[in-house]
Amino acid sequence: MTETPSQTPAQTPFPAQPPAPPPSGMAVPAGYLLLALAGGLLVGLLGTGFHLAVQALAAAYADLRTLAPSPVTAVLLAMAATAALAVTARALVLRLAPEAAGSGIQEIEGVLEGARQLRPLRVLLVKFSGGVLALGSGMVLGREGPTIHMGAALMQLVSGVGRLGQEDKRGLVAAGAAAGLAAAFLAPLAAILFVIEETRRQVPYRAHTYMAVILASIGSAAIAEALLGRTVSLPLASPGLSPLLLPVFALLGGAVGLLGLSFNRAVVLALDAPLRLPQRLWWLPALAVGAAMGAMLQLFPEGSGGGEAVVQLLAHEAAPLGFLLALMALRFTAAILCYGTGVPGGIFAPMLSIAVAAGLAFGTAAEVLLPDVEGLARATAIAAMAGLFAASVRAPLVGVVLVLELTGADGLVLPVLVTAACASLTAAALGGRPIYETLLERTLRLAGKPVPPQPDRTPVQLGTAD
């Protein structure tokens, strides 16, 4: 079976109702902020180490495949190796920490609500080792989910240093999650916005807890940037466009909103499908998907991996419309199947690569009607990343900031904003819900726990004047 949340112990580190303010004994503002900064630095080291370990395994795996005496042998070797690594990663999850399956972002939200338990040492072990095996073998998953989960786990350990109340411990766990995202993408501003948006119901942010999130993200991003030596993860410069073209990006947002709605629903279906298998066949989904991804890695490498290399390839080399549509469909399917196996891995990076292919396809078609607009296809590719994120996660501002930080395309603020807003509105109008809320509710139901009420995220209804 792909998920066994009920195996996670019932007790939680944070009760649903936070107790009284923390006792004196530690200067909360100064000491608390120092803990947040120190924890952020540690998360930066951890996230960078995870990144380098994934790269090292992928490189060693590539070298191994070159030793095959024939192309057929190389494909068979890749299939066997990726399948074995995927099954091993899944076994680590099931045996040691079922809560380490998949992304982990929904688990953090559950922990902060008092509905799930965060066992930091187990999560760190399984998320790091299982994530390296899954991502390093070419599965279509991202680093950001495991890094966010590990960041929260590490910061929970850090929170035990001082005499802190539950509310302040919640703040540090949220800060650790932000630091994890900052390390994964070198996007500290988007990390701050994302975590505060996602955890605003569980963490009653005050001045010092808000600053803790900021300081942890700064420290983590600084360490990652110093060690990795780069400032923009996906440099995709694009010329500024006339505001007269904004209707084109509104149409793009509508199309990407449909894609995001489909993505979210497909994720849930992929997670539910293996539950129909007998428990003794827990290894079968990971084996089958791993073998398929191994063949993909050897025969069509653009369809494998997290997606960063694919984004750069598509952005700098012209591709025909048919190829872009086929690649979008292929990576969409691969990402869903890989996530459905229950190995550690996120969906942010795969979503970005899917969005780039979709945006380039849209822009390539639009250039037929607007041949004189320079850089339109690249601009729609950049905007589509924010749109798909907004449609899936339902955090349009976070999507805009994340994409602008990742690409450095500051001249496209208005087109990206329009795309993200229209994508989010389209998904909402068609009944879509934020992916992490959906995944958390699913996890709680499988564990036999009550689902806490979720507030409506639609715009506030304004009363009419008498």
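The model is predicted.

**Stop one: two helices**

Select residues 246-272, which form helix α9. The crossing of α9 past α14 is right-handed.

Now show the side chains at the contact. On α9, pick Phe 249, Leu 252, Val 256, Gly 257, Leu 259, Gly 260, Phe 263 and Asn 264. On α14, the partners include Leu 376, Ala 379, Thr 380, Ala 383 and Ala 384. Further along α14, Gly 387, Leu 388, Ala 391 and Ser 392 also take part.

How many residues of this contact are nonpolar, polar and charged? Colour them by class and count. Eleven are nonpolar, six are polar and none is charged.

**Stop two: a cavity**

Rolling a probe the size of a water molecule over the atoms shows where empty space is left. In this model the count is three cavities of 30 Å³ or more.

To find the second largest cavity, select its lining: Ile 105, Ile 108, Glu 109, Ile 148, Ala 177, Phe 194, Val 195, Glu 198 and Thr 199. Two elements give two or more residues each to this lining: α3 (105-112) and α7 (188-199). Which element gives the largest share of the lining? Select α7, which supplies four residues.

Finish by colouring the lining by class. Six residues are nonpolar, one is polar and two are charged.

Technical notes:
Residues numbered from 1 in each chain as written. Predicted model: local features only at pLDDT ≥ 70, side-chain atom pairs only at ≥ 80, totals over all residues. Heavy atoms only, no water. Axes fitted to C-alpha atoms, helices over the stretch in contact; angles between N-to-C directions. Left-handed = near helix turned anticlockwise from the far one by under 90°. Contact = heavy atoms within 4.5 Å. Nonpolar A, V, L, I, M, F, W, Y, C, P; charged D, E, K, R; others polar. 1 Å grid on protein atoms, 1.4 Å probe; cavity = no way out; pocket = protein on both sides within 12 Å on 5 of 7 lines; lining within 4 Å. Points joined across faces, edges and corners; volume = space filled by probe spheres on them.
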